[in-house]
Amino acid sequence: MLVVEVVKQVSNGFFMASCHFPCSSAADFAPYFPGVVGVVRNRILSSHTTRSWDFLHFKPQTVDGILSKGHSGVGSIIGIMDTGIWPESKSFRDKGMAEVPSRWSGICQEGEGFNRSHCNRKIIGARWYIKGYEAEFGNLNTSDVFEFLSPRDAGGHGTHTSSTAAGGLVENASFMGLAQGLARGGAPSAWLAVYKVCWDTGGCAEADLLAAFDDAIFDGVDVISVSLGSPPPLATYVEDPVAIGSFHAVAKGISVICSAGNSGPYPQTVINTAPWVVTVAASTIDRAFPTGQALYAGKNSHTFHPIVYGENIAADNSYEDSASPKYAEKRQLLIGCTRNRSCDSGSLNATLARGKVILCFESRSQRSNIIARRTVLDVKGVGLIFAQFPTKDVSLSLDIPSIQVDFAIGTYLLTYMEASSTYKTLAAECFCMPKYKKLHNLARNCQKLAFCNEVVLWNRNPLVKFSFTKTVIGRQISPEIAFFSSRGPSSISPAVLKNWLYNCLVILASFTASIEDEYGQKTVAEGAPHKQADPFDYGGGHVDANKAMHPGLIFDMGTSDYIRFLCALNYNNSAISLMTRTRTRCKKSANFLVNLNFPSITIPELKQNLTVSRTVTNVGPVTSIYIARVLAPPGTYVTVQPPVLSFDSTRKKIKFKVTFCSQLRIQGRYSFGNLFWEDGFHVVRIPLIVRTVIDDFYAET
């Protein structure tokens, strides 16, 4: 039996309906909804500060800066599609805000814990969407979980993204004294429209997201922020709700900003790569917390405590493997040693740990600072120092001091502890063969314990105290590509390297972005290990919004280019027509994907020679002359024609061609270079990305 439930009838070319199995095609819908030409599965997606905007040079005191010129976003409406909003936050007070514009057609939808009074001259609209979610998971009962059937945010993600985009000025904001300063959004004077499409209990339904896009377009937003998506395998652009909804929004002149994903540092994980949206990655800023990245502000922070190494205070049963009792004793010992040094659950002796700070080292089987902290708490320890591979990720601790350090500092601490400790044996309880009863150096080498569980006491010479964490600005090399930030190339359209959009349908050249920090050092990508970043890490580069006001050259694209892009991906005419709401008949166009007018050139498969073209528009001085300079990708010879671009009052657009010649006959990896157009002031950088191949469909390794 076919069951179809209408979720929302919309006006911008798509409607949302819940079809319960076995409906799978337009034919299943035709008797109920004449005119349906395609069906897209309703999948579930997931939702992906005081210094950030200053670091990006969004400073109100910069007279000619973008924040001043843009009047802090006055007159703009930003739509946020996320988990909702917490309206009581100081970031959303409407003091000094202009009246709600007459062009606004949105509503303030009520629900649990949210009524019309929660909307104001800052939050001018709020809606929530649940039907698509409930079609997948059944009715949401908020008496069983912390959630609200309303625009109110239960998880915090939507409140975070809303305040980051358009939060008002909040003085002396901090987290327990850390990062104290003026908190504000990028456009603090802009209005906010909230569309709750994600639920803290299980994600975001695609049907609800499409309904939200339709409402946002009708309501009259100017910008849409969408920080959500799903990891590979990626849906085709004609089936992806973010791509479909954003296509209609961009066609109406609305800029759509999407997250690149949080699946880094692995390649081919970037999402939301449709060429008509802005895809934003994550980077670090120049702020640090010098107490080993701890976030703690508890009592007695200046008291000295004895410090011990987790491996030296094993619980009596820490070497036992209850799940596999027949394991050899030596394997039990090795497992026990690893569990102790990483402070795994139940691995520490409560008597020896009480009142002490425990030093633990991350292991292959136990990498969690959170688990180690719980273990220390269980045995009444007073603090944790957790040594791990270098990372900027911070684990929150509200109960005991919890300090994260790298392996080098952890080893330094351990060396100090051993040099200042005197060990005395109190007792020995052996669970092994008699020949192993001799006590060995417990502190130095766990593998020489000879299967004996020794109870040891040492003079309490090594001591440690915790000081309050400090906030330091301007001493940290940044930006670095954040460890978790997804990386390219796109697994669905490798020829598209993401950059930034300007005025919806115009793309800025990379003059407006940097691949160096403020000290002239090349950008680094966090990972294991860190590496010099490349365009698959940072796209076009670290955005410089002030330079974006005077880019020199821009790359125009419009709806017709996007349709040709979809055709080049070999989508059929009916699917493209359904998505775009325009009758489409694709024509064969050789190499259109590499000729898409992006301010970058990516060639995923270069076998011999290939020529691509780009068209640039001069938006600088009317009379301008740009000269080409090439840094070719290794293994590739690159030429540019013409090598000089001369603009005047009658010639504002110029097409140029770039020819790539492979000097290698191997199955290669991606290599990187740049094409620069320079006029003496502007340096317009176009990333060049090339992979030489000799076989088709050769997996990158």
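Author: Here is a short walk through some strands, helices and residues. This is a predicted model, in which local features need pLDDT of at least 70 and side-chain atom pairs count only at pLDDT 80 or more, while totals for chains, interfaces and linings use all residues. Residues are numbered from 1 along each chain as its sequence is written, and side-chain values use heavy atoms, leaving out hydrogens and water.

Reader: In what order do the five strands of the open sheet run?

Author: In general, strands of a sheet pair through backbone hydrogen bonds, either parallel or antiparallel. Helices (H or I, at least four residues) and strands (E, at least two) are DSSP runs, numbered from the N terminus, and two strands pair if DSSP finds at least two bridges between them. Here the order is E19-E18-E17-E16-E22, with mixed pairing. Strands E19 (402–406) and E22 (463–465) are the edges, each pairing on one side only. From one strand to the next, the twist averages 35°; axes are lines fitted to C-alpha atoms, for helices over the stretch in contact, and angles run from 0 to 180 degrees between N-to-C directions.

Reader: How many bridges join E17 to E18?

Author: Five, and the two strands run parallel. Cys360 stands opposite Phe386 in E18. Helix H10 (residues 369–378) packs on the sheet, touching E17, E18 and E19, and its direction makes about 150° with that of E18. Helix H11 (residues 407–419) packs on the sheet too, and its direction makes about 130° with that of E17.

Reader: Is Ile358 buried or exposed?

Author: Buried means under 20% relative accessible area, exposed over 50%, and partly exposed in between (1.4 Å probe, protein chains only). Ile358 lies in strand E17 and counts as buried because its relative accessible area is 0%. Among the residues it touches are Val308, Cys343, Val376 and Leu384, where contact means heavy atoms within 4.5 Å.

Reader: Which side chain of opposite charge is nearest to Arg691?

Author: Lys and Arg count as positive and Asp and Glu as negative, with His and the chain ends not counted. A salt bridge is a side-chain nitrogen of Lys or Arg within 4 Å of a carboxyl oxygen of Asp or Glu. For Arg691 the nearest is Glu605, 4.5 Å away, and this buried arginine has no salt bridge. A polar atom of the Arg691 side chain lies 3.1 Å from the backbone oxygen of Pro604.

Reader: How many residues of helix H5 are buried?

Author: Eight of its ten, so H5 is mostly covered. The buried residues include His157, Thr161 and Ala166.

Note on methods: Polar contact = N/O pair within 3.5 Å; in protein donor to acceptor, adjacent residues only side chain to side chain. Lists of a residue's contacts leave out its neighbours within four places in sequence.
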